[in-house]
Amino acid sequence: MLKETPSANLNIHIAGENALIIYFVEQASSEVSAKVQQAELLIRHAMKDDLSTDVIDLIPSYASLMVMFNLTTTDHHQVRNKLRTLLHNLEDKSPIASNTEQAVLVELPVYYSIESGPDLAVISKRTNLSVEQIIDIHQAQEYRVYAIGFAPGFAYLGDVDERIALPRLNTPRMKVPKGAVAIADKQTAVYPDVSPGGWNIIGLCPIDMFNATATPIMPVNVGDKVKFKVITKAEFLALGGELPENLGVNTCPSQ
Amino acid sequence: MPLSIGFLVKQPGMLSLIQDAGRFGAFNIGLTNGGPIDLGAFRWANRLCANELNATAIEISVGGLALTAQLDSTIAVTGANMPLSINGQVKELWRSYQVKAGDLIELGFATQGVRSYLAVAHGFMLPESFGSNATVCREGVGGLTGEKLKVGDILPCANQSRTQNLTLLDRLRPKFSDEAVLHTVPSYQQQHFSSHQQRLFFSSEYTVSKSFDRMGYRLEGQKISCDIDGILSEGICHGAVQIPADGQPIVLMNDRQTIGGYPKIGAVSSVDTDKLGQLSQGCKVRFEPISMEQAHNLFHLNLSRFNRTALTLCD
């Protein structure tokens, strides 16, 4: 029998009558996110076997993993025990751990411009950076997919460089266009579809973030790395991108 | 669209949605569960049609649905008290009826409760999206086209009625009222609510606000404060009670966002979210704390009562 030595950082809490939530630590970091991803992979693997009738669904996020179970076949004690046994060596740099650290890198093309990024001008004013510098900072680094939620295919990417980590708009837009690349604090994302939203829009991405009829449905998964690549307007249009008629140009009172 | 017949939507009513027991296994791409708000009433509708318990049916909110049968089938309506008629003749809820091609089925507006369920023999036959027929309008997923029913929609089903009609005796039917006790497991960020705040929460009466829908029930009453403003966004379970900055609780239902960053004080048992989902603006609720063991017991007791309750043959 496997020894049960839960790590000090593995806290399993109650979420609801048929849900437990595993908390890793209290702040987000790529190390913590990697641990969430490892735990998710281990549980998904077990869902094909030992946990097949017990675990219904998982929600990985920044530093937690919610496990929803089937109350007609199991109970919270049993799920808790199975999770502890399954995840007991999560702290160790086990072979599974090192394999999952080689995250997939997904490149997403972005047409950054005043035309496609209506908040660039305001960000430039607030940060004293030129539009070119803002674009350069945003596309220079790799981001980690911390969580997927809010809407189908909405991937929370981080961490945005502090120099351009602007807070949400005071008044959210009623209509953020599909493909909008946007920033909110240390997070960035591509809006998978038209929706209301309060993030600062800096460009447009022509790639579908969620397509129910495509395989895969989404170009990214939690734990993947994302790198944005600058493209021209012509390339954006050639990749199937569409410029929305009214991007809701930011009318900052100070302008 | 495949050529098919079944039931034709003459009037969609306020909000009528194709639902099965819900969508599970798609949280990782951001899809929520959907499914019937009052799971109990949904399952009774299917049992009355001698179906599998998760067969695809229609959830009618508030009322106003009218359908024309294009084939022979058996139907049953359960849940909120909406006047039902077939070809203009008043019929009972909580029992099945055989219908023939050409019959007109009409539902009026609910006099008690909010949501009713109309099931047909063998269930509606629709292609699944992400493993389920559950409609979530916000996501554009499920049902015929990811939307609520509209005039002219055709809901395909089998051209076969059941040989016997069934009823759930009146004394065994769920009763709807204007108030509910919501048994709640303290969970999530419970420790960030002081014992005083928790006592206030569990001893105060709340009123259902005008914002109540399939995503969540926003309540009004005693303000509850938390010692943290927000948390790292995390998975939200069905029934979770979120306390935003204004201190007014929101009970998150089937179409909730899958992740969110507001503190949560606990989660309501599924037996009681069924009851909450039948309440509307102005109705009263209060929360009662229960342990996880008691929540499990409540669930199993309810399930075994459902399984033990027999239906009765009728004409």
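**Close-up 1. The loop around D159(A) and its cis peptide bond.** D159(A) sits in the loop that runs between β7 (155–158) and β8 (173–176) of chain A; helices (H or I, at least four residues) and strands (E, at least two) are DSSP runs, numbered from the N terminus. The peptide bond joining G158(A) to D159(A) is cis, with omega about -5°. Everything here comes from a predicted model, where local features need pLDDT of at least 70, side-chain atom pairs count only at pLDDT 80 or more, and totals for chains, interfaces and linings use all residues. For bookkeeping, residues are numbered from 1 along each chain as its sequence is written, chains are lettered from A and ligands numbered from 1 in the order in which they are written, and side-chain values use heavy atoms, with hydrogens and water left out.

**Close-up 2. A cis bond at P216(A).** Going from T215(A) to P216(A), the peptide bond is cis, with omega near -5°. P216(A) belongs to the loop between β12 (200–204) and β13 (225–230) of chain A.

Close-up 3. D185(A) isn't a glycine, yet its phi is positive, about 50°. Its place is the loop between β9 (180–184) and β10 (187–190) of chain A. With 33% relative accessibility, D185(A) is partly exposed; the scale is buried under 20% relative accessible area, exposed over 50%, partly exposed in between (1.4 Å probe, protein chains only). Over in chain B, Y188(B) also has a positive phi of about 50° without being a glycine. Y188(B) lies in the loop between β13 (179–186) and α2 (195–203) of chain B, and at 2% relative accessibility it is buried.

**Close-up 4. Salt bridges in chain A.** Across all chains, the model holds 17 salt bridges, each being a side-chain nitrogen of Lys or Arg within 4 Å of a carboxyl oxygen of Asp or Glu. One of them pairs K82(A) with D54(A) at 3.0 Å, N to O. That pair links distant parts of the chain, 28 residues apart: K82(A) is in helix α2 (residues 76–86) of chain A, and D54(A) is in the loop between α1 (30–46) and β3 (55–60) of chain A. D54(A) is buried, at 4% relative accessibility. Another bridge joins the side chains of R163(A) and D161(A), 3.0 Å from N to O. Here R163(A) is exposed, at 51% relative accessible area, while D161(A) is partly exposed at 22%.

**Close-up 5. The K264(B)–E234(B) pair.** K264(B) and E234(B) form a salt bridge, with their closest N and O atoms 2.9 Å apart. Because K264(B) is in strand β20 (residues 264–268) of chain B and E234(B) is in strand β16 (residues 234–235) of chain B, the pair ties together parts that are 30 residues apart in sequence. Both K264(B) and E234(B) are buried.

**Close-up 6. N33(B) and its surroundings.** N33(B) is in the loop between β2 (15–19) and α1 (39–48) of chain B, buried with a relative accessible area of 4%. Its side chain makes a polar contact with the side chain of R256(B) at 2.8 Å. Such a contact is a pair of N or O atoms within 3.5 Å; within protein, one must be able to donate a hydrogen and the other to accept it, and residues adjacent in sequence count only if both atoms are side-chain atoms. Leaving out residues up to four places away in sequence, N33(B) touches several others (heavy atoms within 4.5 Å). Among them are M68(A), F24(B), F27(B) and N254(B).

Close-up 7. Chain B splits into domain 1 (6–173) and domain 2 (179–307), with bounds from an automatic or database domain assignment. Their centres, taken over C-alpha atoms, are 27 Å apart. The contact takes 27 residues from domain 1 of chain B and 19 residues from domain 2 of chain B. About 1,800 Å² is buried between the two, with carbon and sulfur atoms giving 47%; buried area is the accessible area (1.4 Å probe) that two parts lose on being put together, summed over both. I37(B), R115(B) and R138(B) supply 32% of the area that domain 1 of chain B buries against domain 2 of chain B, more than any other three residues. Between these domains there's one salt bridge, plus 18 residue pairs in polar contact (both at pLDDT 80 or more).
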